[in-house]
Amino acid sequence: MATWLKDELRKIAEADDLHISPFREDGVTYGTPKWIWSVAVDDALYVRPYNGQKSRWYQAAMRQKAGRITAAGMTKDVAFEPVNEAINDLVDAAYSTKYKGSPYLKPMIGSRARSATVKIMPREIKAST
């Protein structure tokens with residue numbers, strides 16, 4: 001799997017405009033972009049659905065494992081993967097720093113959203129031959 005360029009990840013992490021679009025059932029068509037919070041931890045980008053595992057975009061991301069994001073003036077094809085419990089404390093800390101003072105912070109670091117943390121990494125598109 002590809003990794004983020006440091007400058008790209010920094011720009012995305014600093015922005016507050018990330019839209020996520022997992023593929024639809026056909027695996028080709030992108031879903032309707034959904035605005036969500038995002039944070040960077042180490043060399044990866046993480047997001048959480050406010051409604052946890054019941055969120056439609058989360059369910060699509062876990063089924064399709066790919067889609068795209070748009071943030072900081074960039075559109076990137078990406079891969080989605082669930083995370084292990086260990087990284088969640090670092091993701092909580094990143095959310096707490098970036099979104100300090102927001103009335104939505106507490107639910108975003110609560111167990112419902114935390115159980116649905118998604119790691120987003122750039123996806124290399126293979127050229128057809």
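Which helix does Glu-8 lie in? Select Glu-8 and the stretch around it: Glu-8 lies in helix H1. Helices here are DSSP runs of H or I with at least four residues, strands are runs of E with at least two, and both are numbered from the N terminus.

Before going on, note that this is a predicted model, in which local features need pLDDT of at least 70 and side-chain atom pairs count only at pLDDT 80 or more, while totals for chains, interfaces and linings use all residues. Residues are numbered from 1 along each chain as its sequence is written, and side-chain values use heavy atoms, with hydrogens and water left out.

**Stop 1: the whole chain**

Show the protein chain as a cartoon. It has 5 helices and 7 strands, and from the N terminus on the elements run α-β-β-β-β-α-β-β-α-α-α-β. The C-alpha atoms fill a box of roughly 50 × 30 × 25 Å along the principal axes. The radius of gyration, taken over C-alpha atoms, is 14 Å, which agrees with the value near 14 Å for a compact globule of 129 residues. The globule rule is 2.2 Å times the number of residues to the power 0.38.

The accessible surface comes to about 7,400 Å², and 52% of it belongs to carbon and sulfur atoms. Accessible areas come from the Shrake-Rupley method with a 1.4 Å probe, and for residues only the protein chains shown count as cover. Buried residues make up 43% of the 129 residues; buried means under 20% relative accessible area, exposed over 50%, and partly exposed in between (1.4 Å probe, protein chains only).

**Stop 2: back to Glu-8**

Return to Glu-8 in helix H1. At 15% relative accessibility, Glu-8 counts as buried. Leaving aside residues up to four places away in sequence, Glu-8 touches Met-74 and Lys-76, where contact means heavy atoms within 4.5 Å. Select Ala-66 as well: Glu-8 and Ala-66 are 58 residues apart in sequence and 19 Å apart in space, C-alpha to C-alpha.

**Stop 3**

A salt bridge is a side-chain nitrogen of Lys or Arg within 4 Å of a carboxyl oxygen of Asp or Glu. Asp-7 counts as partly exposed at 40% relative accessibility, and Lys-11 counts as partly exposed at 37%.

**Stop 4: Arg-114 and its partners**

Which residues are linked with Arg-114 in a network of salt bridges? Select Arg-48, Glu-85, Asp-89 and Asp-92 together with Arg-114, and the network is in view.

Start with Glu-85 and Arg-114, whose closest N and O atoms are 3.1 Å apart in a salt bridge. This pair links distant parts of the chain, with Glu-85 in helix H3 (residues 85-98) and Arg-114 in helix H5 (residues 111-114), 29 residues apart. Glu-85 counts as exposed at 53% relative accessibility, whereas Arg-114 is buried at 14%.

Next, select Asp-92 with Arg-114; the closest N and O atoms of this salt bridge are 2.2 Å apart. Arg-114 lies in helix H5 and Asp-92 in helix H3, so the pair ties together parts that are 22 residues apart in sequence. Both Arg-114 and Asp-92 are buried.

To finish, zoom out again: the structure holds 10 salt bridges.
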